[in-house]
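I'll jot down what I look up as I go.

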Amino acid sequence: MTGFLDAALPHPMRFPDGTLNRGLVHLNRVIDHPNIEIGDFTYASSFDPPQAGDWAARLAPYTYAGAPERLVIGRFCQIADRVRIVTASANHPMAGISTYPFAIFDHARVGDYIDQISGLPDTVIGHDVWIGDGATILPGARIGSGAIIGAGAVVGGAVPDYAVVAGNPARVMRMRFDDATIARLMALQWWHWPLERIARATALLARADVAALEELAA
């Protein structure tokens with residue numbers, strides 16, 4: 001019953017003719033990076049997938065191993081083509097007179113900037129987030145579960161659960177549900193359910209019948 005939900009597959013999707021879609025990947029099966037944590041079933045899709053298979057560099061090119069910040073992405077997120085996540089290590093030091101990053105050319109000089117590069121904020125994306133084509137996520141962004149990020153949006157700061165944001169800078173265009181419904185959905189946290197229950201719930205997840213979803217969870 002859960003055969004179509006296989007978190008172990010690097011390429012989980014086939015076209016109707018049976019051809020494997022190599023441009024769509026379960027990210028935590030193709031990224032092994034000490035600063036990146038990605039939940040099961042979160043995928044990225046690209047019409048031009050990285051030739052060397054380096055999806056970490058494609059998605060978050062400024063996140064280097066051992067960086068002082070992390071990128072955390074939840075379960076069941078959907079990341080479209082050309083999305084770029086700019087984590088905090090991309091920032092140049094800004095507290096001094098010059099923003100020129102002298103220390104990247106001579107690592108012995110990193111002590112000049114140690115106060116500015118310590119304690120950089122993590123970038124955190126919740127569960128079941130849809131990030132549209134060409135969106136940019138800025139350092140330290142906190143995107144709530146169930147949010148939708150419009151194509152080309154430039155997102156910084158906090159995005160509420162189940163908000164729809166768009167634009168540059170991104171702003172909340174609308175909420176997907178009212179406050180009471182959002183609270184019920186966040187209490188359900190369907191993305192953590194056992195796979196057999198999720199498989200039974202897909203018809204309910206495709207429509208806005210929260211009461212029926214609550215009955216299934218009981």
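How far apart are the mean positions of the positive and negative charges of the chain? I was working on a predicted model here, and I got 4 Å between the mean position of the 17 positive charges and that of the 22 negative ones.

Next, the overall picture. I found six helices and 15 strands in the chain. I ran the principal axes on the C-alpha trace, and the spans came out at about 60 × 40 × 30 Å. For accessible surface I have about 11700 Å², with 54% of that belonging to carbon and sulfur atoms. Of the 218 residues, 42% are buried. I also checked sequence separation: taking contacts between residues at least 6 apart, 45% join residues at least 24 apart.

Then I zoomed in on Thr123, which sits in strand β7, residues 123-125. Buried or exposed? I noted Thr123 as buried, because its relative accessibility is 0%. I listed its contacts, skipping neighbours within four places in sequence. Arg70, Leu71 and Val72 are among them, as are Ile85 and Thr87. The list also includes the run Ile137, Leu138, Pro139, Gly140 and Ala141.

Last stop, helix α5, residues 195-205. Which of its residues are buried? I wrote down Ile198, Ala199, Ala201 and Leu204. A reminder to myself: an α-helix has 3.6 residues a turn, so residues three or four places apart point the same way. As for what covers the buried residues of α5, I noted that α6 (210-217) is included.

Note on methods. Residues numbered from 1 in each chain as written. Predicted model: local features only at pLDDT ≥ 70, side-chain atom pairs only at ≥ 80, totals over all residues. Heavy atoms only, no water. Buried < 20%, exposed > 50% of the residue type's maximum accessible area, 1.4 Å probe, protein only. Helix = DSSP H or I, 4+ residues; strand = E, 2+ residues; numbered from the N terminus. Contact = heavy atoms within 4.5 Å. Areas by Shrake-Rupley, 256 points an atom, 1.4 Å probe, with all protein chains shown as cover. Lys, Arg positive; Asp, Glu negative; His and termini not counted. Charge placed at Lys NZ, Arg CZ, Asp CG, Glu CD.
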